[in-house]
Amino acid sequence: MSTTSKSVVVDESTVVLGIETSCDETAASVVMGGSDVLSSIVSTSIEQHIPFGGVVPEIASRAHVELLTPVIALAIEESGVADTRIDAVAATVGPGLIGALLVGVATAKALALVWDVPFVGVNHLEAHLYAGLLEDPSLELPLVVLLVSGGHTMLVEMRGYGEYRLLGETIDDAAGEAFDKVARYLGLGYPGGPAIDREAQYGDPEAISFPRAIPDSPDFSFSGLKTAVMNHVRKHPDVVTADVAASFQMAVVDTLVAKARRAAREVGAKGLALGGGVAANSLLRERWLMACDEDGIRAFVPSRAMCTDNAAMIAAAGWHRLRSDGPTPLDAGAYPGLRLPLVREGTP
Ligand code: KG4
Ligand code: ZN
């Protein structure tokens, strides 16, 4: 057996149930036509991970087992559509924590089999690219997307649905990882991004001049910045924490916006889109809108709920994948190290 028997015509009325369990969020969503979000439920086990200062894989998997079924039931109920109306079930197959991914993938396949509808395996990173467009589907290509999450920092040129070119990526820490590590060092807790965002509101972003790494490269590096923060605090133990947070945040945002802007200019992009958890950052959102306004290009800034992990973006990406590639075989697995199907700049 490779796929479910029922073939589906993918159009504006096609209803996809999306399931997301790659990390600590357990999410389900019903989306019609690839962009009409009928419901989106997100539950998280974050409280259980806080004492450990990071996500504990086994705790995340166990939480998914407990939460996923009620979250799916609620997503279907809130959508107002009968489960017999669901045309396909999409789930994140990677990247992510293997034990966490398996819960969502196994559940999605079982539902697809029982309902006799296609199963669609979704790349979590591709879904983050769609999140910015989900709320504003008036797409003009090419588009440059900055994907900034806990595990990734990438600048991607989107030439069409499913057509991505890698313009730059981090050579060490991801931006979210840098936020999390610096917050832990400053004693601001976990998750670090929102904690630094909050603390920075009370600080002076010009108080400390932290380095902007590899300014002439399209790639990113945040490891040296993290070390610079630690060295500064060691040398100046009385420094105001809010000033450190604000100056660090400014250095990260400056770098992200400058490189995205240059990339957009180089490829002649019509718009700049933000995606991933770090896209929830207040300063990044503000500077992004200002930069796009100054450069006369469209800004796609997802709502905060759409930046962090959710299943609406999985259902939307699933709708596009189903339309372009058809159903995913039911014997497909989960892939913790899955990458975007990218072409590096300079290659044909
Ligand atoms: O995309 P996401 O929810 O999960 C991954 O796929 O990684 O991103 C999580 C990351 C964490 O590193 C978190 O600290 C960061 O996004 N983050 C933020 C903010 N909210 C979440 N970083 C900066 N400012 C925020 N407001
Ligand atoms: Zn994510």
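**Entry 1: Ser79**

I looked up Ser79 and found that this residue counts as buried, at 11% relative accessibility. The model is a predicted one, and I read each entry here with that in mind. Ser79 belongs to helix 2, which covers residues 57-79. I then followed its side chain, which reaches the backbone nitrogen of Val81 at 3.2 Å.

His124 lies in helix 4 (residues 124-134), whereas Asp309 lies in the loop between helix 10 (304-307) and helix 11 (312-325), so the pair ties together parts that are 185 residues apart in sequence.

His124 is buried, with a relative accessible area of 7%. Asp309 counts as buried as well, at 16% relative accessibility, because the limit for a buried residue is under 20%.

**Entry 2: ligand 1**

Where does ligand 1 sit? I found ligand 1 in the largest pocket. There are 18 residues around ligand 1, and those that come nearest are Gly150, Asp180, Gly193, Asp197 and Gly277. Helix 4, helix 5 (175-185) and helix 6 (192-200) each supply at least two residues of the shell around this ligand.

- A side-chain N or O atom of Asp197 is 2.9 Å from a nitrogen atom of ligand 1.
- A backbone N or O atom of Val278 lies 3.5 Å from an oxygen atom of ligand 1.
- A side-chain N or O atom of Asp309 is 3.4 Å from an oxygen atom of ligand 1.

Taken alone, ligand 1 exposes 550 Å², and the protein buries 85% of that.

**Entry 3: Glu135**

Is Glu135 buried or partly exposed? I found Glu135 partly exposed, with a relative accessible area of 41%. Its place is in the loop between helix 4 and strand 6 (143-148). I also looked up Glu135 together with Val42: the two residues are 93 residues apart along the chain, and their C-alpha atoms are separated by 17 Å.

Definitions and conventions
Residues are numbered from 1 along each chain as its sequence is written. Chains are lettered from A and ligands numbered from 1 in the order in which they are written. This is a predicted model: local features need pLDDT of at least 70, side-chain atom pairs count only at pLDDT 80 or more; totals for chains, interfaces and linings use all residues. Side-chain values use heavy atoms; hydrogens and water are left out. Helices (H or I, at least four residues) and strands (E, at least two) are DSSP runs, numbered from the N terminus. Buried means under 20% relative accessible area, exposed over 50%, partly exposed in between (1.4 Å probe, protein chains only). A residue is near a molecule or strand if one of its heavy atoms lies within 4 Å of it. A polar contact is a pair of N or O atoms within 3.5 Å; within protein, one must be able to donate a hydrogen and the other to accept it, and residues adjacent in sequence count only if both atoms are side-chain atoms. Accessible areas come from the Shrake-Rupley method with a 1.4 Å probe; for residues, only the protein chains shown count as cover. On a 1 Å grid over the protein atoms alone, a cavity is a set of points where a 1.4 Å probe fits but cannot get out, and a pocket is an open set with protein on both sides within 12 Å along at least five of seven lines; lining residues have an atom within 4 Å of a point. A molecule sits in a cavity or pocket if more than half of its atoms lie within 2 Å of its grid points.
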